[in-house]
Amino acid sequence: MRRTLVKSIGIGLLGLVFPGLATATDSPLAVIRTTMYEIVAILQDPAYQEPDQSQVRIQKVREVALPQFDSREIAKRTLGVHWRDRTEEQRQEFIRLFTDLIEKTYSSTLDRYREDTEIFFDREHIDGSYAEVDCRILAPSLKKTFSLSYRLHLVEGRWLIYDVVIENVSMVRNYRTQFNRIINKSSYENLVQSIESKLKQLAASPS
């Protein structure tokens, strides 16, 4: 994955490091905006600014952001046609591994948050049980404005995120392309081993 894309996706997830108390009646835009503001509040909290509080800060953000994502739908879309060939046990394992991969890959980007980062909520578009919320993030430290879209769908009365699109690149599609290539060249079991190896590398890397 290109370094710029990794950085951009990290910023996209960073946006969600700001949520709130989204309710079942909130609009898609309200869900995203509330979540982003909650995450920003955590990142700006003086109690979590010291280096030894980094993991606490990441955990706090995780507690706010993760409930806003439909982890099963994201994993299903990422695995694509290979999802239907998996047993329920394999699906649960893949959901756990992929969620860990996303968290560990992008959690370090939270340390890049700066107070002068600005978030603009441009529009929401709702089509039945699907919606898209378009935002922009102005990151002076990176000297760039990133376009960011959250794709959501209704699940039991709640709007949940099933994809994040940064600079017109879908996170789900990007991973699906990579995973499909690995499975077609070798096997699903090899993909699982690759993800497990990557998780070990990330765990061994300094945060």
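How many contacts beyond four places in sequence does the model have for residues 1-9, over which pLDDT stays under 50? The model has 18 such contacts for residues 1-9, where contact means heavy atoms within 4.5 Å.

## Model and confidence

This is a predicted model, in which local features need pLDDT of at least 70 and side-chain atom pairs count only at pLDDT 80 or more, while totals for chains, interfaces and linings use all residues. Residues are numbered from 1 along each chain as its sequence is written, and side-chain values use heavy atoms, with hydrogens and water left out.

The predictor's confidence in each residue is given as pLDDT, from 0 to 100. The protein chain has a mean pLDDT of 85, and 85% of its residues reach 70 or more.

## Antiparallel strands

Helices (H or I, at least four residues) and strands (E, at least two) are DSSP runs, numbered from the N terminus. Two strands pair if DSSP finds at least two bridges between them. Strand β1 (residues 118-127) and strand β2 (residues 130-139) run antiparallel and are joined by 9 bridges. Within this pairing, F120 has R136 of β2 as its bridge partner. The hairpin of β1 and β2 has 2 residues between the strands, and G128 takes a positive phi near 65 degrees there.

Strand β2 also pairs with β3 in the antiparallel sense, over 10 bridges. Here the bridge partner of D134 is S149 in β3. The hairpin of β2 and β3 has 4 residues between them, and K143 in the turn has a positive phi of about 55 degrees.

T145 lies in strand β3 and is partly exposed, with a relative accessible area of 37%. In these terms, buried means under 20% relative accessible area, exposed over 50%, and partly exposed in between (1.4 Å probe, protein chains only). Leaving aside neighbours within four places in sequence, T145 is in contact with R136, I137, L138 and E167. T145 and E167 are 22 residues apart in sequence, and their C-alpha atoms are 9.5 Å apart.

E167 is found in the loop between β4 and β5 (169-170). Although not a glycine, E167 has a positive phi near 50 degrees; this residue is partly exposed, at 28% relative accessible area. E156, in the loop between β3 (144-155) and β4 (158-166), has a positive phi of about 50 degrees and is not a glycine either. E156 counts as exposed because its relative accessibility is 81%.

## Aromatic rings and charges

Rings of Phe, Tyr and Trp (its six-membered ring) pair if their centres lie within 6.5 Å; planes under 30 degrees apart count as stacked, over 60 as edge-to-face and the rest as tilted. By this rule there are 8 aromatic pairs. One of them, F94 with F98, is stacked, at 5.9 Å centre to centre and 5 degrees between the planes. Both residues lie in helix α5 (residues 88-106), 4 residues apart, about one turn of the helix, and both F94 and F98 are buried.

F98 also forms an edge-to-face pair with Y175, at 5.2 Å centre to centre and 85 degrees between the planes. This pair links distant parts of the chain, with F98 in helix α5 and Y175 in helix α6 (residues 171-185), 77 residues apart. A single aromatic cluster is formed by F94, F98, Y175, F179 and Y188.

A charge sits over a ring if NZ of Lys or CZ of Arg is within 6 Å of the ring centre and within 35 degrees of the ring normal. R86 lies over the face of Y188, at 4.1 Å from the ring centre. The charged end of K144 sits over the ring of F146, 5.5 Å from its centre.
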